[in-house]
Amino acid sequence: MSNNSLESLLEQMSAGSICRGWGAIAAVGRSQLNRLLEEQYLARLGEYRTVAPLSGEVLAGDNDHLSVTLDSIVLGKPVLSFEKASLNSSLINLSMDIVGGTYTSMSLPVTAAPTLMTHFSIRQEHGYKVEMQLKLDELLGEVDRMSRVTLDLASGENLTTNLGDMPGVQAVIAPLIKTHLARQGKDRRLFELSLLDLSGTHGFTPAGVYFRTQRAPGAGDPSAANYGDGCLLLFIRLKIRDEADLFPGEGSGFPYLIPDDPEQGKAKFTASMVLNGQWADLVNLDDRLDIPSSLRFSANNTFKQSGEFYRPHDLLVLGNVVPTEDHLRIEPGFVSLDGTKPVNFTARDHNGNTVNVAWSVSNPVHPQVVGEITSSGRYTPLEKSKMYQAQVPLVVTARYTKGDREYVNSSSVLSVYEGMGCSPHIYVTGVGQAQPIALTVATTGNEVLEWPKLDPADGAIRVVDNNHALYTPPTTQAESLALRKIKIQGEEATAEATVVTVSRVQTLAVTPPFVSIGHSAPVQLTVEGFSPQLRQWSVIGEGTVTGDGLFTPPEGVTSLVSVVKCDIVFENEVIRSGFSIIHLQERQQPSAPEYPEETDEPRWDKLAHFTITTLGEPKNDSCYHNGFQQIPVLITIETHPITYNGETLDIPVSDLELSTLQLVNSEGNIIVKPVEVGQEGIEYGSETKWAVSKTKNRFREYSAMPLATSAAPEMAAPDLITPSDRTRTVRFYIHLAEAGSRTFFARFQSHRGFHNSIDTAEVGREVTVQGVRIPVLVREHYHFERQRVWADDGGYDDAEPGNPYYPLPDVFTFYRQTVDYWNVYYKRAGQYAIGFATLSFESNTTILQWESELLEEEFGSYTGHAFNPARYAHGDTPAPKRLEFDGGFMLFREETKAWAPSSLKQEVSPGQLIISLHRTDDMNYWYDDMANGNKYKFYRRMMDDPLRITLMDEEGNRHKLKIEFKNKSLPRSRNELILTPL
């Protein structure tokens, strides 16, 4: 039996409750958490919401004698590990591979010339990464009442990286990466681990959550098979007992709640939930448990019960995190491929079945550098001659529509020019250096490599494994400079590392000291301070150089690195020397006549149109100033065609450039803040007066015309950014939290700087929108109507004809047990009823009242409720299947055996709230002294107060209402309810 088997877990749980007063505890394992992070990362690719590439320069070493330049550094998906996790905190380890970019370091000595130290293109296979420790946090949605356990990449502590020549270099690169992460928008850097629905009103629905991290047994040992394994623990308060309790500390003996029993070679369970045994008797296992159904996960995943329940003391529910029906996955999700090799992509639904989808491919940085993908998902890379870059990051996206929903997901593709790449690619070192140089070869497949055997005069190689070796330079050399070519042979390709060995100090500065050029592009090298007659130029390697320093690559390149040396010769003696390293790139490296300052690839030059307009017919430029209703605007950006190498090209604004798009308030030139992550609008009480969102929320757009609740939900799929010729369009949604008019324009940043829509003279340079005052809420606008849905068989609809005591029909007196539904409607004068989108209770969700306050009284009434939110996410309406009651009433019913039917007698329409009134003759009178001091039995204190509820309607307006029985001093006051706006 393992230390973490189901048998051992049940044995630990049999000693007593492990919940420590919490209503429930959920555990989610590392494998599933990392899958959720991966799926979020992939889902964001199509909208370009991943962390932007990093470019920058840092100085390191004593007196800043070393310069390191990072260019287009791409960070991969976040990966969690728990080897340092502790129950005393919510800290967790996170790492991200560095999957692309280039690294260049230059030596800047005080007494010698600037010299290249190393240069290479980064591949994921090289093993460079970023590591940090994060503290998990919570985001609570004000409208959807979703508690989100999140991790923010900007909050990482002790961030480290192994990218760099030495620890001192790594120590200065790490802060640069940390600063870059902090500058990313929250929608890029924030990831969700779990979502707990706090909107439920049933006694066994969550009221709040706290979280901790836990290391799996033995997972702190680096030699263990499960090293780094662990789980996220959610300590859940339930509405039946909404109070926080104690956490188990590290070393307290708290069990690991996910057993490691295998099934068909993999873990049988990836998640679990424990329900406090105090409440287990009130749970019907044949029904859907409320707590597991409230636990959801990002990227369309949910907790699925395995059907295995155990009750050693508390109730243990085992299960797994699985995709929902909304799930779409692309295989492969990540691929690095040689620029010449095609790859086949497959889209699968939540069951793993193949789905027919519409395929597309895009380049987030350079829209014209893509390739082709067929309708069957076969992707063919761009021709090498058109790649312009050693690495081309691409996004393959799949879309398909089912019903009124569009399903979208993406795959990350890194197309590389060379099938093999060595790190470092170029390295400069002194002769006799004792420290060997670590060489790492990255391949696009699992190729068996053959490392060369060197002549001792060229140094020595010690092979570590298939992809790693150590090179030691020679101890002596006659020349002042020499090139050492190390060629590593693969099955289909070759990688080359070039080591430049220097035997004498170089004091002459050659400009530029390092340059990377196309294989046919010449480069002008210069030196200062000496007459041309004293300069002697020469090439070590391939190519030629003129007497004035113009280097020309050879026509047929066989080696990708040349060294151009310049000696200052006076009276036949070399008095100064220096050199420049030329990196010859095989790929096309065109000169761009329209871009004299740019020599890498063609880009758009000027904007043809940049407009912002409101949408709809007629144009909808208004919304209630409640912070949640939206005004949709369409932003259109079109570029001019360019002429490049005699060819007319249509190059649109890139995804990277489009991701910088913002709205600006014309008054004060103030950037409009985005709506907070996890929110659907501007929170009540916030100081923010206007905000912008990239997604449509559930609320209706403003209309001065009457609204019909039967109208179809306007829940169109979010606008995804897709290039089309030279035109890009994006929808933004404006939120206003104050009345009056505001004017906004659009702005984005490109390789040419900042662009504003107001810089043009065309129509659509800015939009003026109106914040409409929220309607005054008056009692006459609320309709609180009773509907009899059930009565016992012993009564009569009316009193006997002619009975003088009951001259009017009486639907109460002659019935011992009845159920009435009181329907809450809101309808402004001259308009149709407006449905409600959200519901929350201030405290109790049930009220009690007896016919009298006599101790023998058995005739009493109580309330329940059912709510069907209008315009729920994606247009799906989770219609209730039963009535809900206060958690205290559930205990009261168990105590008194009161008659309490919970089945619904009719369907609840979207946007409808029903307060059920139950009259019965078997509800024994209760007063709180009968609880003998047990605060969980103070039922009168719990449920004597009126219902105080807050509803938000389909237009985003709030309604605070009080619902209660009639005055107790009046006869038969328990028969009817009254509604009062607050």
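## Basis

The model is predicted, so local features need pLDDT of at least 70 and side-chain atom pairs count only at pLDDT 80 or more, while totals for chains, interfaces and linings use all residues. Residues are numbered from 1 along each chain as its sequence is written, and side-chain values use heavy atoms, with hydrogens and water left out.

## Overall build

The protein chain has nine helices and 62 strands. Both are DSSP runs numbered from the N terminus: helices (H or I) of at least four residues, strands (E) of at least two. The C-alpha trace spans about 135 × 75 × 50 Å along its principal axes.

Of the 982 residues in the protein chain, 53% are buried. Buried means under 20% relative accessible area, exposed over 50%, and partly exposed in between (1.4 Å probe, protein chains only). Contact means heavy atoms within 4.5 Å. Take the contacts between residues at least 6 apart in sequence: 70% join residues at least 24 apart.

## Arg747

Arg747 sits in strand E51 (residues 740-750). Arg747 is buried but has no salt bridge. A salt bridge is a side-chain nitrogen of Lys or Arg within 4 Å of a carboxyl oxygen of Asp or Glu. The nearest side chain of opposite charge is Asp759, 7.5 Å away. For charge, Lys and Arg count as positive and Asp and Glu as negative; His and the chain ends are not counted.

The Arg747 side chain does have polar partners. Another, of 2.7 Å, is with the side chain of Asn756. A polar contact is a pair of N or O atoms within 3.5 Å; within protein, one must be able to donate a hydrogen and the other to accept it, and residues adjacent in sequence count only if both atoms are side-chain atoms. Leaving aside residues up to four places away in sequence, Arg747 also touches others, including Phe610, Leu661, Ile671 and Phe754.

## Cavities

The whole structure holds four cavities of 30 Å³ or more. A cavity is a set of points, on a 1 Å grid over the protein atoms alone, where a 1.4 Å probe fits but cannot get out; lining residues have an atom within 4 Å of a point. Grid points are joined across faces, edges and corners, and a volume is the space filled by probe spheres set on the points.

The largest cavity has a volume of about 50 Å³. Its lining includes Tyr41, Met96, Leu153 and Phe191. Strand E3 (residues 66-81) gives the largest share of that lining, three residues.

## Backbone features

Strand E3 also contains Ser72. Ser72 is not a glycine, yet its phi is positive, about 55 degrees. Ser72 counts as partly exposed because its relative accessibility is 34%. Asn572 has a positive phi too, near 60 degrees. Asn572 lies in the loop between strand E40 (561-570) and strand E41 (573-585). With a relative accessible area of 80%, Asn572 is exposed.

The peptide bond from Ser423 to Pro424 is cis, with omega near -5 degrees. Pro424 is in the loop between strand E28 (420-423) and strand E29 (426-430). Thr511 and Pro512 are also joined by a cis peptide bond, with omega about -5 degrees. Pro512 is in the loop between strand E34 (494-502) and strand E35 (514-518).

Conventions
On a 1 Å grid over the protein atoms alone, a cavity is a set of points where a 1.4 Å probe fits but cannot get out, and a pocket is an open set with protein on both sides within 12 Å along at least five of seven lines; lining residues have an atom within 4 Å of a point.
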